[in-house]
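Please view the sequence and the model together while reading.

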Amino acid sequence: MADDEVVGGLWAMLAQERRKSISLMFLRFIAVVLLAVAACYLFISNFNSHLPATEKNTSTIDKQELVNIWPLLKELGVKEQQDLKKEVCDLSVGKWIPKAEEPSYTDETCHYIASYTNCLKNGRPDRGFLHWKWQPSGCDLPAFDPLKFLNAMRDKSWAFIGDAIFHNHVYSLLCLTSSVTKAHEIYYDGYNTRTWYYPSYNLTIYSIWSPYLLASETENGPTHEIHLDILDSKWTEMYNKYDYMVISGGQWFYKRTIMYENNEVVGCHYCPDLELKKIDYEVAYRRALQLTFKFITTSEHKPFVVFRTWAPSHWEDGESPSERICNRTKPFIEGEINGSSSDLKMWRLETEEFEKAAAIGATNDVRMELLDVYQLSLLRPDGHPGPYGTYHPFDDDPSKKVENDCIHWCLPGPIDTWNELLMKVINRDVRDSVSAFL
């Protein structure tokens with residue numbers, strides 16, 4: 001990995017730039033409204049000036065009527081601006097606040113929790129990490145309502161495509177909905193890809209293992225092989241089945257990787273012992289995203305696509321150089337943490353590529369939304385299994401006992417908030433047909 005010194009205030013600056021962009025959009029909207037009203041006024045005024053007196057008296061609207069309705073137009077314009085502001089509220093900007101409520105599930109009530117994230121069952125003694133709520137600035141984030149979600153997603157299918165963090169995310173969703181109904185596992189490839197089904201709602205959840213999004217070989221020892229010009233068929237061949245999909249890359253790009261194009265080796269990352277061209281991990285990730293977004297924005301099938309941003313890790317130096325820990329028990333406040341420069345680099349890269357893809361997709365009726373979990377997750381170093389997991393996420397031998405897992409997330413825990421954010425993001429897609437989400 002790259003060095004670990006990033007100025008804590010950098011994120012605040014980036015968030016401020018994003019808020020300025022949103023404000024600029026509002027100003028442009030106001031300008032458009034005022035210009036439209038002015039154009040209407042000038043048209044009506046000019047039109048009336050060329051009418052005979054009798055026709056002027058019978059015209060649909062005159063200057064006095066425009067004056068009379070102006071306050072109403074202004075009020076409607078303000079309301080529209082307020083609604084728009086609520087609609088584009090930046091869910092990634094906010095803070096963690098204490099909450100008294102217990103989680104909606106536990107390791108005893110939900111049997112979907114994977115062993116490596118079952119922190120309470122594995123002996124974690126503190127429970128304070130369960131009592132925090134993400135509060136976005138400028139809008140509300142309701143608690144996840146499993147019944148409303150299931151009703152809204154009736155007869156739909158979801159695909160979660162990526163690495164083990166997505167397994168983490170899917171198990172959270174399964175647990176959050178388990179109080180209403182249980183999902184049945186209907187497919188398992190024996191490795192990492194699974195399919196879940198809710199019979200009462202005809203809802204299908206695909207959890208597809210594709211850590212690079214690209215065609216790859218990841219099961220043959222510490223060196224992995226990826227094709228920079230070929231997408232992983234495990235998710236592309238089923239693309240037409242998805243109504244909704246959540247997709248992202250992850251820390252696998254940091255691993256030792258040999259890269260191919262046109263079925264020929266073109267370089268390698270983290271392999272100084274091989275006489276190959278060095279290709280940095282961010283170059284490979286950008287290529288993966290560009291190929292993925294090109295496929296999505298040009299496909300005839302148009303699911304609702306959610307791109308989830310980078311999930312940061314929280315390793316800190318332990319008592320020896322070979323030991324890294326994550327033993328904090330409460331969130332950071334903004335500006336308190338120095339995150340990993342490599343993680344921040346990947347987050348900036350993917351948000352750049354997403355913005356370009358979303359602009360292209362908009363011209364082709366492709367619905368795309370960003371689920372930005374980077375900063376809110378960066379503030380939760382207390383949410384990882386640490387020593388209360390079962391295997392090391394970067395060890396290719398899952399039978400080995402973990403010392404500290406500082407990348408996956410405890411269940412229940414902060415990752416449950418991702419599903420609250422996800423429901424907020426897709427709200428715009430279902431609000432016209434599902435009143436339960438309003």
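## A pair of helices

Helix 7 passes helix 8 in a right-handed crossing, where right-handed denotes that the near helix is turned clockwise from the far one by less than a right angle, and left-handed that it is turned anticlockwise. Helices are DSSP runs of H or I with at least four residues, strands are runs of E with at least two, and both are numbered from the N terminus. The model is a predicted one, in which local features need pLDDT of at least 70 and side-chain atom pairs count only at pLDDT 80 or more, while totals for chains, interfaces and linings use all residues. Residues are numbered from 1 along each chain as its sequence is written, and side-chain values use heavy atoms, with hydrogens and water left out.

The axes of helix 7 and helix 8 (residues 341-362) come within 10 Å and cross at roughly 20°. Axes are lines fitted to C-alpha atoms, for helices over the stretch in contact, and angles run from 0 to 180 degrees between N-to-C directions. The two helices, helix 7 and helix 8, are therefore roughly parallel to each other (angles under 35 degrees count as roughly parallel, over 145 as roughly antiparallel, 65 to 115 as roughly perpendicular and the rest as oblique).

Among the residues making the contact are Y285, L289 and F293 of helix 7 and M346, L349 and F354 of helix 8; contact means heavy atoms within 4.5 Å. The residues of this contact divide into nine nonpolar, four polar and seven charged. Here Ala, Val, Leu, Ile, Met, Phe, Trp, Tyr, Cys and Pro count as nonpolar, Asp, Glu, Lys and Arg as charged, and the others, Gly among them, as polar.

An open sheet of mixed pairing is formed by four strands in the order 7-8-10-11; two strands pair if DSSP finds at least two bridges between them. Strand 7 (214-217) and strand 11 (264-269) stand at the edges with a single partner strand each, so one side of each is left without a neighbour in the sheet. From one strand to the next, the twist averages 25°.

Strand 10 (residues 257-261) and strand 11 run antiparallel and are joined by five bridges. The bridge partner of E261 in strand 11 is E264. Helix 7 (residues 281-298) packs on the sheet, touching strand 7, strand 8 (224-231), strand 10 and strand 11, and its direction makes about 35° with that of strand 8.

## Two residues in their surroundings

H169 belongs to helix 5 (residues 164-177). At 0% relative accessibility, H169 counts as buried (buried means under 20% relative accessible area, exposed over 50%, partly exposed in between, with a 1.4 Å probe and protein chains only). Beyond residues up to four places away in sequence, H169 touches F160, L371, I415, W418, N419 and L422.

R328 lies in the loop between strand 14 (324-325) and helix 8, and is partly exposed with a relative accessible area of 36%. Its C-alpha is 9.4 Å from that of F129, although R328 and F129 are 199 residues apart in sequence.

## Backbone exceptions

Most residues other than glycine have a negative phi, and most peptide bonds are trans. A cis peptide bond, with omega about -5°, joins L411 and P412; P412 lies in the loop between helix 9 (374-378) and helix 10 (415-430).

D155 has a positive phi, near 65°, and lies in the loop between helix 4 (146-152) and strand 3 (157-162).
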